[in-house]
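Dear colleague,

Please find below the structure that I am handing over to you. My findings follow directly after it.

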Amino acid sequence: MIYQKQDKLIKGLAKYYGQDLFDYLEALEKETDEIHEPLPCTKIKKVYSTELITPNFKGLLMDFVYEMVDDSYIHYEHYSGNLTHGNLTHTGRYDMELHEETGKPINTIIISTGNPNKSETECWIGKVNKYTPIRIIFLKKYPGDQRLKNVKIKIENNKKLTTFDILDLIFIPFLNTTKNSEEIVKEICGYVSKITKITTKQTKILTWGLWLTTEIFIKNPETLEKVRTMSILKGESINEKLHNREIELRQEGIKEGIKEGKQEGIQEEKTNMKNTIKTLENEGKTSDEILKTLKTTF
């Protein structure tokens with residue numbers, strides 16, 4: 001489903017490139033004439049677990065949450081269609097649960113790829129209670145043609161790309177453009193092979209981002225494969241780079257799993273040792289007898 005692919009893109013960027021994505025969205029907002037309530041804090045301390053286990057709900061999976069350096073939380077929620085009353089009440093329920101869990105201020109930002117003119121932006125619950133996110137980012141409100149032109153000029157002139165340029169190449173198909181999104185994606189992929197100055201981190205963001213945006217907007221499987229294969233970045237096609245990155249992540253996951261397994265084993269052994277000592281002490285064993293038992297058992 002398209003929604004799931006969009007969701008995966010937003011969540012992935014949030015998880016692995018949190019501060020970059022946060023700063024990019026903030027910069028996007030500042031380019032408009034709209035007046036927004038300033039956020040209390042713009043520096044992320046860590047990505048907070050988005051799975052809430054509460055007495056009232058067996059499991060809540062929020063899109064992503066940032067714990068900020070001032071101990072407040074910013075909750076981002078993504079919706080691909082036009083915002084509805086149900087979307088807002090759904091998000092509001094998350095906020096209440098997160099606030100109950102943490103006891104900290106919650107500032108909610110909704111990212112929507114829907115039509116801003118056909119979406120609800122506040123939710124009344126009864127006559128006096130109203131739920132309104134601190135900010136709603138409608139990507140379709142922001143012009144993408146000029147942003148694409150700016151990045152294209154930098155690429156053609158071998159200029160060093162910023163992280164914002166890389167995120168533009170991923171987000172522009174979701175913005176307001178004169179061309180349809182499929183043509184924009186093909187055009188962007190055509191620029192990829194001309195990029196000469198790009199960091200390893202930027203390469204990873206762009207590879208993964210374009211893999212998903214091509215899948216979202218290019219419907220024909222043969223065209224999709226052709227575009228991905230012809231999109232060369234640092235000597236490898238997007239197809240090859242993503243495949244190699246998946247292998248890296250899998251290996252990293254195996255190493256991390258082994259590390260976690262060792263830690264869990266050590267902790268379990270410590271617990272068992274403490275329990276054994278306590279049992280032997282209750283049985284009236286001497287220190288020498290306890291030590292002898294521990295040496296033979298552990």
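Among contacts (heavy atoms within 4.5 Å) in the protein chain between residues at least 6 apart in sequence, 69% join residues at least 24 apart. The model is a predicted one, in which local features need pLDDT of at least 70 and side-chain atom pairs count only at pLDDT 80 or more, while totals for chains, interfaces and linings use all residues. Residues are numbered from 1 along each chain as its sequence is written, and side-chain values use heavy atoms, with hydrogens and water left out.

The protein chain has 10 helices and 11 strands; these are DSSP runs numbered from the N terminus, with helices (H or I) of at least four residues and strands (E) of at least two. Of its 298 residues, 41% count as buried, where buried means under 20% relative accessible area, exposed over 50% and partly exposed in between (1.4 Å probe, protein chains only). The chain exposes about 16,900 Å², and carbon and sulfur atoms supply 51% of this area. Accessible areas come from the Shrake-Rupley method with a 1.4 Å probe, and for residues only the protein chains shown count as cover.

Helix H5 (residues 163-171) is in contact with two other helices that I describe here. Its axis and that of helix H7 (residues 200-217) come within 9 Å and cross at roughly 10°. Axes are lines fitted to C-alpha atoms, for helices over the stretch in contact, and angles run from 0 to 180 degrees between N-to-C directions. H5 and H7 are therefore roughly parallel to each other; angles under 35 degrees count as roughly parallel, over 145 as roughly antiparallel, 65 to 115 as roughly perpendicular and the rest as oblique. On the H5 side, the contact is made by Thr163, Ile166, Leu167, Leu169 and Ile170, and on the H7 side by Gln202, Ile205, Leu206, Gly209, Leu210 and Thr213. These residues divide into seven nonpolar, four polar and no charged. Here Ala, Val, Leu, Ile, Met, Phe, Trp, Tyr, Cys and Pro count as nonpolar, Asp, Glu, Lys and Arg as charged, and the others, Gly among them, as polar.

In H7, 13 of the 18 residues are buried, so this helix is largely enclosed by the rest of the structure.

The axes of H2 and H5 come within 10 Å and cross at roughly 75°, which makes H2 roughly perpendicular to H5. Asp20, Leu21, Asp23, Tyr24 and Ala27 of H2 meet Thr163, Phe164, Leu167, Asp168 and Phe171 of H5 in this contact. By class, the contact of H2 with H5 has six nonpolar, one polar and three charged residues. The buried residues of H2 include Asp20, Leu21 and Tyr24.

Thr108 lies in strand S6 (residues 106-112) and is buried, with a relative accessible area of 3%. Not counting residues up to four places away in sequence, Thr108 touches His75, Thr91, Asp95, Tyr131, Pro133, Ile134 and Arg135. The C-alpha atoms of Thr108 and Arg135 are separated by 6.8 Å, although the two are 27 residues apart along the chain.

Finally, two backbone points. Most residues other than glycine have a negative phi. Asp71, in the loop between strand S4 (64-68) and strand S5 (73-79), has a positive phi of about 70° although it is not a glycine. Asn158, in the loop between helix H4 (145-156) and H5, has a positive phi near 55°. Asp71 is partly exposed at 31% relative accessibility, and Asn158 is partly exposed at 39%.

Yours sincerely
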